[in-house]
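Colleague: I am new to this one, and I would like to know what stands behind the words you use for it. Could you show it to me, and then let me ask?

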Amino acid sequence: MMEPASRKRRASSPPPSGPVTLPPPGFVADREEAAARVERLLQYQFNNRSLLEEALTHQSFAGGAAASYQRLEFVGDAALGLAFSNFLYLTNPTVGPGALSTLRAANISTEKLARAAVRHDLYRLLRRNCPRLDLLVGQFIQSVKQELEGDLGTTPYGGTVFKAPKVLADIVEAIAAAVYVDCNFNLEKLWKVTRFLFEPIVTAETIDEQPVSTLHELCQKHGKDIKFKTWQKGGTAVVNVFVGGALVGMGSSEQMVIAKLNATRDALSKLLGGGNQQVLTTRVGHGSGVEVGELRECKQKLIEQCSRKHWPKPIFKLEKTDGPAHDRTFVYSVQVETQGGIWLTLGEPMSRVKDAENSGAQKMLEHLLKL
């Protein structure tokens, strides 16, 4: 896979403002070489190479005058769904339809296919003319590369906070469709040629929330409680993991089960080897050494920080009330959306609503300062 230092900008227009400064992925201008790379990768020689060129053309190229991969992507989505249905049905004779559906969704999810595109360096082969798309894809590629080296080859989904750009999954589906059409809609041939692209295949054993069990066992050993906060943002499921009240993991995906696994893997990687390791042995939220000002000022400080960075205004939400009317406590969550993702923190129980909001804001400021 190409190193970041060898990437070149294809468009001369400046990227949009923001923290993304990565040069976008490169481009293989020699179309014969681009097609040959795919054929070498698949160990399959196309009878009609124009199908492959169509699969490697984004709708932004030449103002849409050239045929793009959209029609092939439509076919590829359906063909891969059927191919995986057949495979999972035959290899899981005792698994029910609900679990089979979950397995199929996990294997052909946008993130799973996007990671396959990253692993095989397919985006560089795509004809396109969209600098903003280059930046989004480059950001996702870089975040995946920053994970453990082995993850690219062995882990089907990860803990990155960057949503997988759909274009990466589209490329994989379009290439699969090109094979499918080229071999006269032979599903068995399609599976034989493309199966390795989707390795490792998510199985009933590997999707059985093993990371979640591991996290529970780890936190139980250290006497820490775990909370999963989930919500939907558009068509994306987002999950935050809190250990002892501290936000330690985040994941997102089109499927909630994968989002939870992503968030759990993210939490485990940080607790076992990252900067949040102290969460297991100390009381979170106290004595951290992070200067965020007095509690009563935190909400205003957070609002000012979001304004300075041109982020949406933070969202404060009452999550819990407890106790009788004369001794009631309030817990507020705070959500902040940055260019790097959506973050959610929970404040400490407080007897006044204003203090509860400031407590949530204090946790958020501490978290943002650690990023």
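Modeller: Let's start with Gln255, which sits in the loop between strand S3 (246-253) and helix H11 (256-273). Helices (H or I, at least four residues) and strands (E, at least two) are DSSP runs, numbered from the N terminus. This is a predicted model, where local features need pLDDT of at least 70 and side-chain atom pairs count only at pLDDT 80 or more, while totals for chains, interfaces and linings use all residues. Residues are numbered from 1 along each chain as its sequence is written, and side-chain values use heavy atoms, with hydrogens and water left out.

Colleague: Which residues does Gln255 touch, not counting those up to four places away in sequence?

Modeller: They are Ala105, Ser109 and Ala237; contact means heavy atoms within 4.5 Å. Gln255 and Thr102 are 153 residues apart along the chain, yet 8.7 Å separates their C-alpha atoms.

Colleague: And what does the whole protein come to in helices and strands?

Modeller: There are 13 helices and 6 strands. Of the contacts with a separation of 6 or more, 60% are between residues 24 or more positions apart. Buried residues make up 50% of the 371 residues.

Colleague: Let me test that on Leu82: what makes this residue partly exposed?

Modeller: Buried means under 20% relative accessible area, exposed over 50%, and partly exposed in between (1.4 Å probe, protein chains only). Leu82 has 42%, so Leu82 counts as partly exposed. Leu82 belongs to helix H3, and its C-alpha atom is 9.2 Å from that of Arg104, 22 residues apart along the chain. Among the buried residues of H3 are Leu80, Gly81, Ala83 and Phe84. The buried residues of H3 pack against helices H2 (49-55), H4 (97-107), H8 (166-182) and H9 (187-194).

Colleague: Why are H5 and H6 called roughly perpendicular?

Modeller: Angles under 35 degrees count as roughly parallel, over 145 as roughly antiparallel, 65 to 115 as roughly perpendicular and the rest as oblique. The axes of H5 (residues 110-119) and H6 (residues 131-145) cross at roughly 85° and come within 11 Å, so the two are roughly perpendicular. Ala114, Arg115 and Val118 of H5 make the contact with Phe140, Ile141 and Val144 of H6.

Colleague: Then why are H8 and H9 called oblique?

Modeller: Their axes cross at roughly 135° and come within 9 Å; H8 and H9 are therefore oblique to each other. Ala176, Val179 and Tyr180 in H8 meet Leu187, Leu190, Val193 and Thr194 in H9. Those contact residues divide into 6 nonpolar, 1 polar and no charged. Here Ala, Val, Leu, Ile, Met, Phe, Trp, Tyr, Cys and Pro count as nonpolar, Asp, Glu, Lys and Arg as charged, and the others, Gly among them, as polar.

Colleague: What makes H12 and H13 oblique?

Modeller: The axes of H12 (residues 298-308) and H13 (residues 353-370) come within 7 Å and cross at roughly 45°, so this pair is oblique as well. Among the contact residues are Lys299 and Leu302 of H12 and Glu357 and Leu365 of H13. The contact of H12 with H13 has 6 nonpolar, 3 polar and 3 charged residues.

Technical notes: Axes fitted to C-alpha atoms, helices over the stretch in contact; angles between N-to-C directions.
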